[in-house]
Protein chains: 2
Amino acid sequence: MLFKIDSHQSQKARRVGRIRKQNETLILRAAEEEFAEKGFAGASINAIAHRAGLPKANIHYYFKNKMGLYIAVLSNIIDLWDEPLSSISGDDDPAEVLTIYIRQKIAFSQEYPLASRIFASEIISGAHNMKDYFSEDYHRWFSGRVAVFQQWIDQGKLDAKVAPAHLLFMIWSTTQHYADFSIQIAAALNKPSPDVEDFAIAEETLIHIILKGCGVLA
Amino acid sequence: MLFKIDSHQSQKARRVGRIRKQNETLILRAAEEEFAEKGFAGASINAIAHRAGLPKANIHYYFKNKMGLYIAVLSNIIDLWDEPLSSISGDDDPAEVLTIYIRQKIAFSQEYPLASRIFASEIISGAHNMKDYFSEDYHRWFSGRVAVFQQWIDQGKLDAKVAPAHLLFMIWSTTQHYADFSIQIAAALNKPSPDVEDFAIAEETLIHIILKGCGVLA
DNA sequence: GTCTATAGAGTGATAGAC
DNA sequence: GTCTATCACTCTATAGAC
């Protein structure tokens, strides 16, 4: 967690804590939309306040400043991001693990497209506010996943021509694409936005190509 | 006398035209870096001018306003984007076509990462300045590519389980990922940025998984 | 706790000297 | 063609009334 919202509450504060919680949620949701659409610099506190239905000074009351609000939004997203892939081991069946992981990532793109877009924008523009996230720990976590994939290869469960790290990148990129580039996808398919059926077809095609391509499927 | 004046002016104009061309290139290159890193709203004319080594009023001299400059940068990028996939037909060999296309897209990510990032940011934030690009024509072009893929499937050259449109999305997302998310990739691999070898391994892994996954490889 | 009013910093854009 | 000086505007952030 990058930014901890001050949770210290006196007895008096607890009585009104419900309103605080409610307003914070309103603001965070509005901020998510605004940051996703305009980026950090393009988003204005005014517009966020208007979207949230609150006067703009309230945002400064609940969050110290614009950057604090942005970090809070980003922290929420990174918590969501946290890892359905963390507990795999070399004994697992790669076909099953990869299938579940791809389904989860596609579901995430469908459910939280704004979160995915803010995450993507932050990385594209240099990830200056995620230095903590992309730390030594991140590399260690990533290496752990790669090591399991390598075990699968050593056991002949996965094609040796597959570079484990890049298989992971492939799953990330293909699944997140449906959130981040949904406008381009919609234009290609000539509809206002990708619908549930498109997501289902995407999922099946991705699972087929990736599993078969890795040699875990006939 | 008129002749003499004309001659003099055209010589002068020609000389100045060279400077204009030169300065425009300087500004466009600086703007590309700035827009890629900060987004449209975050980029400032001041910072672009500083990067280009010119006073900021010159930018307003060469380009009408900030949006004009942004559109100019975006147009350059869209020209670059234009289509190594436009001339394929059902008679071609899918293995060959897909291999070449993936190599080209990876090379593009390696050579023009900034262009890729600006393109991605523009789409993520709503593509409001690319309405013309994502037009009926775009859908028509896309449908044409899909139709060729479908012919390959009908001829048994490609697995029937592959949804053509989503195979295209897959190639776009996986290859562009190496430009757009290179910071995350670098963090995962624990190096300052992906190097030539990483791009080569990425290319081989993508080609292997996608070709084999589509059933065009043993 | 809420909101109005405003200060203070920074931006895009332009006029006019050179 | 180039560049300095400046305008008009918008934005974040805060002080202080309620």
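Sorted by class, the residues that line the largest cavity are four nonpolar, six polar and two charged, where Ala, Val, Leu, Ile, Met, Phe, Trp, Tyr, Cys and Pro count as nonpolar, Asp, Glu, Lys and Arg as charged, and the others, Gly among them, as polar. The model is a predicted one, in which local features need pLDDT of at least 70 and side-chain atom pairs count only at pLDDT 80 or more, while totals for chains, interfaces and linings use all residues. Residues are numbered from 1 along each chain as its sequence is written, chains are lettered from A in the order in which they are written, and side-chain values use heavy atoms, with hydrogens and water left out.

The lining of this largest cavity consists of W172, S173, Q176, H177, D180 and F181 of chain A and W172, S173, Q176, H177, D180 and F181 of chain B. A cavity here is a set of points, on a 1 Å grid over the protein atoms alone, where a 1.4 Å probe fits but cannot get out, whereas a pocket is an open set with protein on both sides within 12 Å along at least five of seven lines; lining residues have an atom within 4 Å of a point. The largest cavity holds about 80 Å³ of space, and α8 of chain A and α8 (164–180) of chain B each give at least two residues to its lining.

Helix α8 of chain A (residues 164–180) also packs against helix α9 of chain B (residues 182–189), at an angle of about 150° and with the axes 12 Å apart. Helices are DSSP runs (H or I, at least four residues) numbered from the N terminus, and the axes are lines fitted to C-alpha atoms over the stretch in contact, with angles from 0 to 180 degrees between N-to-C directions. On the α8(A) side the contact involves A165(A), F169(A) and W172(A), which meet Q184(B), I185(B), A188(B) and L189(B) of α9(B), contact meaning heavy atoms within 4.5 Å. By class, the residues of this contact are six nonpolar, one polar and no charged.

The largest pocket has a volume of about 800 Å³, and among its 37 lining residues K38(A), G39(A), F40(A), K38(B) and G39(B) are the closest to its centre. Helices α1, α4 and α6 of chain A and α1, α4 and α6 of chain B each give two or more residues to that lining.

Chain A itself has ten helices and zero strands, and its domain assignment gives domain 1 (11–78) and domain 2 (83–214).

Notes
Grid points are joined across faces, edges and corners, and a volume is the space filled by probe spheres set on the points. Domain bounds come from an automatic or database domain assignment.
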